[in-house]
Amino acid sequence: MPSATGTKRIRGVSVFRPFVFGSEAQPFDPAKKPPHVPADHTHQWRVFVKGVNDEDISYWLKKVQFKLHETYAQNVRTIEQPPFEVTETGWGEFEIQIKLYFVPESTEKPQTLWHSLKLHPYGPDAEAKKERRELVVSQNYEEVVFNEPVEQFYELLTGGGAGGAGGSGGQKGKGGKNTKQAQLQRGVRTAEIPFNETPENPYSKAAEGSEMDRLGEANKTVEGMIKLERERLIEREKKLAELRASEGIPASTKKR
Ligand code: SLL
């Protein structure tokens, strides 16, 4: 059956888009707890899905469904436009199911993620943070990968060419220029993350670089440990062989 215009898949192409999802929680100050909040609720929290650096992601993400714990009234919350977030109050931590629905042009099925809502400070300074009633942030950087997107979605994702949604002018630059400047002018969309991190946004090329360095170092340590273990094993096998030889036990324990 011939496919409709724009629904042909672009073979061999993958487009990824970064995003951030997670939660923020803060304990109530008992002296200033709002009156409408149930007595057993100790925290206010927010669960969210957003672009890196709060970049608009609604050109590929249509809606988000957050499935809260059953103790919540109407625990399935569907957010149809940005900000894709739910703010609540409560007393306990639980797993939140987050279902991402892509724009209809994508013809993609929804994708499900899980997030563990964190209300209590964790990590080395947890006690001091608790004392100060600090905001508890638990968030993750993620990338959605669209493999072989249909043409119409690829156009949307890349803001490609004339009439591309979200562009300032929508028209291609003179002579089809493809410089970064020309791309920005006509609103070409990319998955680039900022070079440097900021207090609001920890996800950057620089952070990625130092994380790679850290992983490289960790890898070296692990390789060193493996080498040491291997040497120890050889040493032990040698000792075992010596013992066996001195007691006249054959090296192989294979049954005849
Ligand atoms: C726990 N397994 O026991 C978890 C469940 C549920 C949290 C946590 C309810 C709010 C309400 C709320 O905070 N549920 O009553 O509306 O820790």
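This is a predicted model: local features need pLDDT of at least 70, side-chain atom pairs count only at pLDDT 80 or more; totals for chains, interfaces and linings use all residues.
Which residue just after helix H2 takes a positive phi, and of about what value?

A: The residue is Gly159, which follows directly after H2 and has a positive phi of about 60°. Residues are numbered from 1 along each chain as its sequence is written. The mean pLDDT (the predictor's confidence in each residue, from 0 to 100) of the protein chain is 85, and 84% of its residues reach 70 or more.

Helix H2 covers residues 151-158; helices (H or I, at least four residues) and strands (E, at least two) are DSSP runs, numbered from the N terminus. Within H2, Phe153, Leu156, Leu157 and Thr158 are buried, a word that means under 20% relative accessible area, with exposed over 50% and partly exposed in between (1.4 Å probe, protein chains only). The cover over these buried residues of H2 includes strand S1 (14-27) and strand S8 (136-147).

Tyr154 also belongs to helix H2. With a relative accessible area of 27%, Tyr154 is partly exposed. Leaving aside residues up to four places away in sequence, Tyr154 touches Ile10, Val13, Val15 and Pro149, where contact means heavy atoms within 4.5 Å. Tyr154 and Glu105 are 49 residues apart along the chain, and their C-alpha atoms are separated by 9.3 Å.

Over residues 161-176, pLDDT stays under 50. The model has 18 contacts beyond four places in sequence for residues 161-176.

Elsewhere in the model, strand S5 (residues 84-90) has 5 of its 7 residues buried, so S5 is largely enclosed by the rest of the structure. Strand S2 (residues 43-50) runs antiparallel to S5, and 7 bridges join the two; strands pair if DSSP finds at least two bridges between them. Gln44, for instance, has Thr89 of S5 as its bridge partner.

Thr71 has a polar side-chain atom 2.9 Å from a nitrogen atom of the ligand. For Trp91, a polar backbone atom lies 2.8 Å from an oxygen atom of the ligand.

How values were computed
Side-chain values use heavy atoms; hydrogens and water are left out. A polar contact is a pair of N or O atoms within 3.5 Å; within protein, one must be able to donate a hydrogen and the other to accept it, and residues adjacent in sequence count only if both atoms are side-chain atoms.
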